[in-house]
Amino acid sequence: MGKSRRKQKVIPPPQLPPDVPEEDIEFSDEDLKYVQENTQYARFVSRLDTAAINKQCGGTVKTVEDKYEEERSKKKTHQEEKGNGEILVDPVDVLPIKTLDGKLHYRTEAKKSKLAEAITDEAETDVLEDENILNKSQRRAKAKKSKKEAKKQDKELPNQIAKEEETPQAAVLAEVKEELSVQETLENKQNKLAELGTLLLSDPEANIKSLKEILDLCKDENTKIVKLGLLSLLAVFKDIIPGYRIRLPTEKENEMKVSKEVKKTRLYESNLLKAYKAYLQKLIILEKLPVYNQIATRCICTLLDAVPHFNYRDNLLIAVVGNISSPDEVVRRLCCSTVRSLFSNEGKHGGELTVQAVRLIAAHVKAHNCQLHPNSIEVFMSIRFDEDIGKPNKEDEHNKKYKKNNKRKNQEEENQVQENERKKSKKEMMSKIRDEVTADYKGVTYEPDAKERRKMQTETLSAVFETYFRVLRNTMYTIGESTEENPISNQGSFGAHPLLAPCLDGLAKFTQQLDLDYIGDLMNYLKKLASSSSVSNNSKQKNSKLLTVSERLRCCLVAFKVMRSNLNALNVDLQDFFVQLYNLILEYRPGRDSGVVLAESLKIMLCDDRHQDMQKAAAFVKRLATFALCFGCAESMSALVTLKNLLQKNVKCRNLLENDAGGGSVSGSIAKYQPYATDPNLSGALATVLWELSLLSKHYHPAISTMATTISNMNTSQSQTFLSAVTPQQAFADFSLVKESFEPKDESRKLNIKRKRDSLAEGAKSVPEIDMEKLSKKLKENFTILQDIKEDERVRMELQS
């Protein structure tokens, strides 16, 4: 029967049309209208059996045997689901429920076991394979495969079931691992860094490979770990770097046979250099990032300061000089302090880094067109120049003479006692030992010969003065441009002329090392800079690129210091600088300009100058007296100290203290005083009187009033050779500190508090009522008067121009 059934041909049903989603089906308006009008004809559609249609038309036709196999597999799976369909959950995961009887019942979770899934999979595969007709050989092969798979499943199923039982605990553990705090991971990495660092410090040769592990930790995503890694590497390298430069062996040297110790040291040095190079590359890359800028520059600066003799010092120096004018104040201070330490401690590197640093700074100034922070060239002030390089020491000459005299005495006194000979032999042995020790010390130290030091010193001097003259030339160029073309121009980030003040200070310090051929050009530059005004001649608008009062005073100071240091070799007239000082005293403003520079200029140009013209001294005395009336305690006290010094040195100028309108017996060539004259020799100050001292004697500050009275009581006939020990600088410094804490005495404080209260109460009662309308009218009238006065002044200025 089975064979006849298999041989019967079965006609398959027709295939259904392809499924189309409802969203893509479009209905016309006419169809909808037709269905709405004829709803009775469409009732049969709702009565159709869609399930039977799907069974009959969906998929392939199944025989009776296929249907029997499906029913058998369904029964088996149903029985297994009943038996193994529920798995108890671990009592730890779920709380139990206690019944009235006292028994504990745990919740169960319906879950399909792996055995049921495996059997259903087999049944489905058997059904699919039975659909196709198989031969006997194919059936045998199929049976063998099924047996093998069953054995494998019997072995694998217990393990899988055990894993499934552990799944709730594994999920909890995974959640705990994911919820580990960031602090624990940080602590683990920190402990690892500490362990690696201690291993390196204890035995660097054996644990040199741990440097690579620390460098790998520096690649972490966490910024804190990266910073700690950089700092730990810095401490390690500072400790393990040797006191000499490492030179790697050449190819020929590697081919030669050497001992094990030499091989070990070569391997250690090569690994150390590789790690150090990788560390420096990492620092230079991180230095450009804003997050690691400060920490990377700190590491670079400390390495350059600690081991300036070691390899790759040029790269470190380039990085430091590049950040010497950084907008970040911390980075800038670090770089400037390292450069200063290099200049002051030349014994560590033998002066080679000083030359390189000065050249790099000069190139940096040139590249940025002198628009840098003042600290970038202020570091030149810590350079030390030795003038006695190459000259023989006095002690060596004395020792040579002493040795010659000893030889002569030895020749003359050959017949002395043996004790004396023993003493001489001891002295000679001691001298030989000292010579050997000095020779060994010179060979070990980094100090080069006297000729090399002299050469390096000349190179540094040339680079320093090249930078200074470039700054002066740039300021001259900018002043010329601003006065001619653009009177109002934008300042740089550090000001109009940020490098001029440190440049002038450096010129004042190093003028003794400057060649005499360049001093004439320097004086011409200083004259032009001192004569430039902060207000242009053509227009009354303020120009930001022109020099301030303090900068012009610095130019005058540098000129006088240059003349003092080269007094015997120069013959230059300083009259122009006195004229500039005479005019700058009136242009000074306390909040805008530096009072320290003014006090220093008064001391050097007026107090220290011995030979002065009488007319010029009188003009300065009168100008300083008017200056003391206009400004605060510190400025007025420094002006009075200089005035007193000038009157003590110039006896004829004391005639200004007389009450005559003509200035006493001496009037000079000019009969009338001209207060607005630009030249002190043409002011005619001897024709006036110091009436300002009578006002200064009533000053609120007691020290200024006593100084004014002592000056006014000076004797005109007697020559006082005693000069005051107080300088204008000391007076300015003392009274600038006292200025804030000083309070003038008030006699009203001595009154009783009750009297004050009574007087205030009576005054409040006696105050009449104010008519606001009258007051507003008066204020309007006064405001119109003031407005008219200002308009008149403006018209006058326009007519005069």
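Biologist: Why is the meeting of the side chains of Arg-313 and Glu-352 called a salt bridge?

Modeller: In this predicted model, the N to O distance between the two side chains is 2.5 Å. The cut-off is 4 Å between a side-chain nitrogen of Lys or Arg and a carboxyl oxygen of Asp or Glu, so the pair qualifies. Arg-313 belongs to helix α13 (residues 313-322) and Glu-352 to helix α15 (residues 352-367).

Biologist: What makes this a link between distant parts of the chain?

Modeller: The two residues are 39 residues apart.

Biologist: How do you know whether Arg-313 is buried or exposed?

Modeller: Its relative accessible area is 8%. Buried means under 20%, so Arg-313 is buried. Glu-352 has a value of 39%, and because that lies between 20% and 50%, Glu-352 is partly exposed.

Biologist: What makes Asp-593 and Arg-592 a salt bridge?

Modeller: Their closest N and O atoms are 3.0 Å apart, which is within 4 Å, so this pair also meets the cut-off. Asp-593 is buried at 6% relative accessible area, whereas Arg-592 is partly exposed at 47%.

Biologist: What does the salt bridge of Lys-622 and Glu-692 tie together?

Modeller: The N to O distance of this pair is 2.9 Å. Lys-622 sits in helix α25 (residues 614-630) and Glu-692 in helix α27 (residues 692-696), so the bridge joins parts that are 70 residues apart in sequence. Lys-622 has 3% relative accessibility and Glu-692 has 0%. Both values are under 20%, so Lys-622 and Glu-692 count as buried.

Biologist: How many salt bridges does the structure hold?

Modeller: There are 14. Arg-564, Lys-603 and Asp-608 are linked by salt bridges into a network.

Biologist: Why is helix α8 called roughly antiparallel to helix α9?

Modeller: The axes of α8 (residues 210-217) and α9 (residues 223-240) cross at roughly 150° and come within 8 Å. Angles over 145 degrees count as roughly antiparallel, so α8 and α9 are given that label.

Biologist: Which residues meet in this contact?

Modeller: From α8 come Leu-211, Ile-214, Leu-215 and Leu-217. Their partners in α9 are Ile-225, Gly-229, Ser-232, Leu-233, Val-236 and Phe-237. Eight of the contact residues are nonpolar, two are polar and none is charged.

Biologist: What makes helix α12 roughly parallel to helix α14?

Modeller: The axes of α12 (residues 293-306) and α14 (residues 329-344) come within 10 Å, with a crossing angle of roughly 5°. That is under 35 degrees, so α12 and α14 are roughly parallel. The contact includes Asn-293, Arg-298, Cys-301 and Asp-305 of α12, and Val-330, Leu-334, Cys-335 and Thr-338 of α14. Its residues divide into seven nonpolar, five polar and two charged.

Biologist: How do you know what confidence the predictor has in the protein chain?

Modeller: The mean pLDDT is 76, and 64% of the residues reach 70 or more.

Biologist: Where does pLDDT stay under 50?

Modeller: One such stretch is residues 111-116, which has 14 contacts beyond four places in sequence in the model. Another is residues 661-665, with 16 contacts beyond near neighbours in sequence.

Biologist: Why should such contacts be read with care?

Modeller: Where pLDDT is low, the predicted coordinates are not to be read in detail.

Conventions:
Residues are numbered from 1 along each chain as its sequence is written. This is a predicted model: local features need pLDDT of at least 70, side-chain atom pairs count only at pLDDT 80 or more; totals for chains, interfaces and linings use all residues. Side-chain values use heavy atoms; hydrogens and water are left out. Axes are lines fitted to C-alpha atoms, for helices over the stretch in contact, and angles run from 0 to 180 degrees between N-to-C directions. Helices (H or I, at least four residues) and strands (E, at least two) are DSSP runs, numbered from the N terminus. Angles under 35 degrees count as roughly parallel, over 145 as roughly antiparallel, 65 to 115 as roughly perpendicular and the rest as oblique. Contact means heavy atoms within 4.5 Å. Ala, Val, Leu, Ile, Met, Phe, Trp, Tyr, Cys and Pro count as nonpolar, Asp, Glu, Lys and Arg as charged, and the others, Gly among them, as polar. pLDDT is the predictor's confidence in each residue, from 0 to 100. Buried means under 20% relative accessible area, exposed over 50%, partly exposed in between (1.4 Å probe, protein chains only).
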